Amino acid sequence: MPHAFAPLAELFWRFGIVGLIGLGTWLVLRCGRVMLGNAAFAAIAAAATAPLVARGTPDAVAALAGVLVAAICGAVFGLAAARATSAAFALASLSLWAVELSVRAPSGPELRSHGSPAFVVAAAILAAIGAWRYALSRHGHIAAAVGQDERAAQAVGIDPVRARITAVTLGALLAGVAGSLSVFYPGFDITAYRLHGDIAGLAAVVLGGVGSSLGPLAGAALVAIAAVSPFTKEHAAAVNAIGLLAATIVLPGGIASIFSRAARR
Amino acid sequence: MHRRLERAQEFTLTQSFVDIAFKGSLYALFAIGYALTYSAGGTLNVAHPISAMAAAAAVSWLLARDQPIWIAGGGGVAAGAIAGVLVDRIVLWPARSRGGGPLGPARPLIAGLAALAAFGALAPEPERPTHALHAGIFRIGGFGVPKLMVEGTIACILALVAVVLLVRATRYGLGLRALASNAAAARAAGIGVEPMHIRTALLASACGALAAVTLFTAPYYFAGRSTPFDLPLAGLAAVALGGLASIPAAIVGAFVVATAQIFVPTADASDAVAAALLVLSIAFLPRGMFPVTRLRETDRA
Amino acid sequence: MIEVREASVSFGGVKALDKVSLSCRRGEIVGVVGPSGSGKSTLFDALSGRHRLSSGSIAVGDASIAGLAPHVIARRGLARTFQEDSLFGRMTVFENALAGTYLRDGAAALSSAAAHAALESLGLSERANEYVWELTPGERRRVALARALASNAPALAFDEPLRSLDESELELVRPLLRRIASEPGGRAIVISDRDVAACAGLCDSVLVLHAGKAIAYGTFDAVVRDVDVRDAYLGVEWRQ
């Protein structure tokens, strides 16, 4: 994102946006599928919200419209891809990069965006709490069961296709919240969602840890720091990718696994 | 007037055939890279485009130093092949060999994507060649086709045939098919799994690199009619249409993608066609146009 | 409760199951016996909807299950275990059992009480908070059984439930199976094993498979005296 902003505010903006996209990716990962293009739903929401804001639609209505559009697109994608094997699902999610490349929206300066990061941070925290409650619920339990052994999940009566459609739709909805709210960020630029948004979201999940909904938030904090820190902000995309790679190979449980290992000792 | 219209239609038809032959062979060569690595490891190698990016960078560097096109092309293929093997050893092998852990079977997939993103962020954009690559035109029925395009298409088609023969009729191919069916049984039969992965990475990356070299040097595409996602998206759509585990099917899928793309005028629209075909084939043909019965556990996941 | 009539399953040109029939009512335990490759797991997979029948029929309860997805058959009242343990690898023992209560009594929430009771009956209460990858093979087998029992399904299909169990575990599981079959309201239980002796004193009837075909079906005593069974497996006269 091109323009300088009060670093702390920018940190919170990034934390909120990446945290929401990451949470959405986490929900789908829990179901045994890797969503490599969740940022596309954020881009879709932003592309739906920005023109409405430009036309003077009340902010809340414009944001809600963007979220709904993203959720519907997520549901459609889920219906198309939920029956696929894990490799085919990942393959299909890569097609969302074409969406990221093609959506257009006016930028923050053109919209004269002036929002506070408080909303997006609050949304990310509320989403994490909601996701935590969801994980503990009956539906959350079955989503995890589907992700760990689909055959056994079917044997206890769980429909894995329906579980995946639900996860993808919820994931798209959370990404949609990020996209809609990001329109109010002064440095908003829809091109930020091209590939790098997906990497940031995945990095948040893997770095933070997949064991609970707090993991993506913890990872989002690290990604946001990298994006704002004067040592790394010029190469934030590379830092996220290298961080994701290192965590995947060396610490697949994320930083949360360090704490849980220490606690078990 | 009628005759001039007929000539215009001839040119369009001829141009369409040339387009399909050119793009289809490129996409097929790139797509079989995905199919080969999936056969060996049961996972989608998202980092496959790195071989293409390394090849393009090498070609650009060599041409800038006034090397002849055949040396630049060969250097590009070699660079792409080496890059692919390095990615396999440094990124994918550790992710594969340590088991899934909390990330499950998604671990090599995520590692591959991270490697691709890191490479894309750190590697400089290669400069497309501008000088005398335009020289040389073949006339096909009155329609002028750049010489490099024809040569590139022939090279890609020959490479496709060579790969199919390699997989069908050699010891390596038998080992690959055994590994694709049952890794444990392949090991027990004495097939070295990791050497097989290395050879497959080399072959897959060389294919991807050749496709990238051909696309990168084709003056037809210099006018900005391709995007960086041209090859990867089309390659993915081809394997989705054909079926991840089958090389001949991926080739057919590639030509289907190329045929569909001739109806749209711009590069972005071409990407959209490839993406749409990808999603539609996953939704309605989950095992591809030519379903192959596999015993591989990952296919059931 | 479980009615299999002339069921056949083919994979390409290979007949994995060839006109096999069995009947299991509530309160009964039927054993399916045969070596590896005889078709036991194929029969169980056909029962639970993982394989389609090429001919014949299977009914659970009073309704045919032809063409139904595995999760739908589970909702019709069939719970099963697998030959290789199919456990939720990143969950604890308790969470695995809890997953089995997903369909229980049409409840909106999972039933902790039912999960605990199932674990208690299989001697796993003390391991409830451990992850399944920390367990022995016998304990993992018992967790799979607990998950099925927690569902309260009236029909149970256990693929090699006694494999990997040591003597003390066998002394726990065999009477448990007998007990849950014959309790009021009873359950129909189909089990499989490679060894016909496993069915002694446990199964009301035994079906013996060989190369996908049924070569004997009757009481344990009748089956072990069957000439075809002796030719295929025993070789010597069975001595009790």
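1. Domain bounds here come from an automatic or database domain assignment. For chain C, that assignment gives domain 1 (1-77 + 155-240) and domain 2 (88-153). Keep in mind that this is a predicted model, where local features need pLDDT of at least 70, side-chain atom pairs count only at pLDDT 80 or more, and totals for chains, interfaces and linings use all residues. As for labels, residues are numbered from 1 along each chain as its sequence is written, while chains are lettered from A and ligands numbered from 1 in the order in which they are written.

2. Let's stay with the two domains of chain C. Their C-alpha centres lie 23 Å apart. Where they meet, 16 residues of domain 1 of chain C and twelve residues of domain 2 of chain C are in contact (two residues are in contact if their C-beta atoms, placed from the backbone, lie within 7 Å). On the domain 1 side, helix H2 (70-75), E7 and H6 of chain C each supply at least two residues, and H6(C) gives the most, with five. Helices (H or I, at least four residues) and strands (E, at least two) are DSSP runs, numbered from the N terminus.

3. Now look at helix H5 (residues 137-150) of chain C. H5(C) has 14 residues and reaches 20 Å from its first C-alpha to its last, close to the 20 Å expected at 1.5 Å a residue; the expected span is 1.5 Å times one less than the number of residues. Twelve of the 14 residues are buried, so H5(C) is largely enclosed by the rest of the structure. Buried means that 20 or more other C-beta atoms lie within 10 Å of a residue's own, exposed means 12 or fewer, and partly exposed is in between, with C-beta atoms placed from the backbone. Among the buried ones are Arg140(C), Arg141(C) and Arg142(C). The cover includes strand E6 (78-80), helix H3 (93-99) and helix H6 (167-182) of chain C. After H5(C) comes Asn152(C), with a positive phi near 60 degrees.

4. Chain A is a helix story: it has 14 helices and zero strands. Its radius of gyration is 17 Å, close to the 18 Å that the globule rule gives for 265 residues, so chain A is as compact as a globular protein of that length. (The radius is taken over C-alpha atoms, and the rule is 2.2 Å times the number of residues to the power 0.38.) Of those 265 residues, 67% count as buried. Among contacts in chain A between residues at least 6 apart in sequence, 81% join residues at least 24 apart.

5. How does chain A meet chain B? Here 39 residues of chain A are in contact with 40 residues of chain B. H13(A) provides the largest share of chain A's side, eight residues. That side divides into 28 nonpolar, nine polar and two charged residues. (Ala, Val, Leu, Ile, Met, Phe, Trp, Tyr, Cys and Pro count as nonpolar, Asp, Glu, Lys and Arg as charged, and the others, Gly among them, as polar.)

6. Chain A also touches chain C, with 14 residues from chain A and 24 residues from chain C in the contact. H8(A) gives the most to chain A's side, with five residues. By class, that side has six nonpolar, four polar and four charged residues.

7. Gly144(B) counts as exposed because it has 11 C-beta neighbours inside 10 Å. Leaving aside neighbours within four places in sequence, Gly144(B) is in contact with Ile137(B) and Arg139(B).
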